[in-house]
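Reader: I would like a close look at one part of this model, with the way it packs against its surroundings. Please take it one step at a time.

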Amino acid sequence: MGHGSSGLRRIVREAAKFGAVGGAGLLVNLVVFNLVRHVTELPVVRASVIATVVAIAFNYIGFRYFTYRDRDKSGRTKELTLFLLFSVVGLVIENGILYAATYGFGWDSPLQSNIFKFVGIGIATLFRFWSYRSWVFKTLPAREAVASAESFLEEAQEAAARKARPRQRVL
């Protein structure tokens, strides 16, 4: 297999981890959405925004500590700022679709609200996957990765050399 197939495997693995976190986040989003709608009198889009915010917090933890745990961690403040920025864009996409369905077309039954919430999440998820992998959880620059691999190899060689040296007896 050539170099391209390992890159494809890596993206498929990354997409699967992203999907696992995202799937759990989707459940959190829909459960909180329906709970807020059931126990409060909040308008549908406000309930949805609350649910989206809870899911964003859940997803950040999942992405940082599961999906992208091997990625560069040096710029956490910048990472979190970008994550929140792109998450807000996703929130606007997701809830804009629900808003249009609810107030533009009058589709406000619980089933219709859940369908358009789900469609909005799907479209926003495509945007989030692209933006998070491109801008937020960037891979370590190749130069750093090579340098850390080289220093690891040097340390391993030194340790092997120390073990191989014959010990001198002290009389």
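Author: A residue counts as buried when its relative accessible area is under 20%. N95 is at 5% relative accessibility, so N95 counts as buried. N95 is located in helix 3, and that helix is the part examined here. The model is a predicted one.

First, the setting. The protein chain has five helices and zero strands, so that its order along the sequence reads α-α-α-α-α. Of its 171 residues, 27% are buried. Among the contacts that join residues at least 6 apart in sequence, 74% link residues at least 24 apart.

Helix 3 covers residues 76-104.

Which residues of helix 3 are buried? They are E79, F83, F86, S87, G90, L91, E94, N95, L98, A101 and T102. The list includes the charged residues E79 and E94, along with the nonpolar F83, F86, L91, L98 and A101.

Neighbours within four places in sequence aside, N95 is in contact with V45, S48, V49, T52 and K117. S48 and T52 belong to helix 2, and K117 to helix 4. These partners, S48, T52 and K117, also take part in the contact between helix 2 and helix 4.

F83, another buried residue of helix 3, is touched by N59. N59 is part of helix 2, which runs over residues 44-67. With a relative accessible area of 13%, N59 is itself buried, because the limit for that class is under 20%. Besides F83, N59 touches V21 and G25, residues up to four places away in sequence not being counted.

The packing of whole helices comes next. Helix 3 and helix 4 (residues 110-136) have axes 8 Å apart, at an angle of about 155°. An angle over 145 degrees counts as roughly antiparallel, and helix 3 and helix 4 are therefore roughly antiparallel to each other. Their crossing is right-handed. The residues in this contact are 18 nonpolar, six polar and four charged.

On the side of helix 2, the axes of helix 2 and helix 3 come within 10 Å and cross at roughly 150°. This crossing, too, is right-handed. Its contact residues comprise 15 nonpolar, six polar and four charged.

Helix 2 and helix 4 also meet. Their axes come within 12 Å, with a crossing of roughly 35°, and the crossing is right-handed. Helix 2 supplies V44, S48, A51, T52 and F63 to this contact, while helix 4 supplies S113, K117, R128 and Y132. By class, these are four nonpolar, three polar and two charged residues.

To put the part together: helix 3 packs against helix 4 and crosses helix 2. N95, buried at 5%, has contacts that include S48, T52 and K117.

Note on methods: Residues numbered from 1 in each chain as written. Predicted model: local features only at pLDDT ≥ 70, side-chain atom pairs only at ≥ 80, totals over all residues. Heavy atoms only, no water. Axes fitted to C-alpha atoms, helices over the stretch in contact; angles between N-to-C directions. Helix = DSSP H or I, 4+ residues; strand = E, 2+ residues; numbered from the N terminus. Parallel < 35°, antiparallel > 145°, perpendicular 65-115°, else oblique. Left-handed = near helix turned anticlockwise from the far one by under 90°. Buried < 20%, exposed > 50% of the residue type's maximum accessible area, 1.4 Å probe, protein only. Contact = heavy atoms within 4.5 Å.
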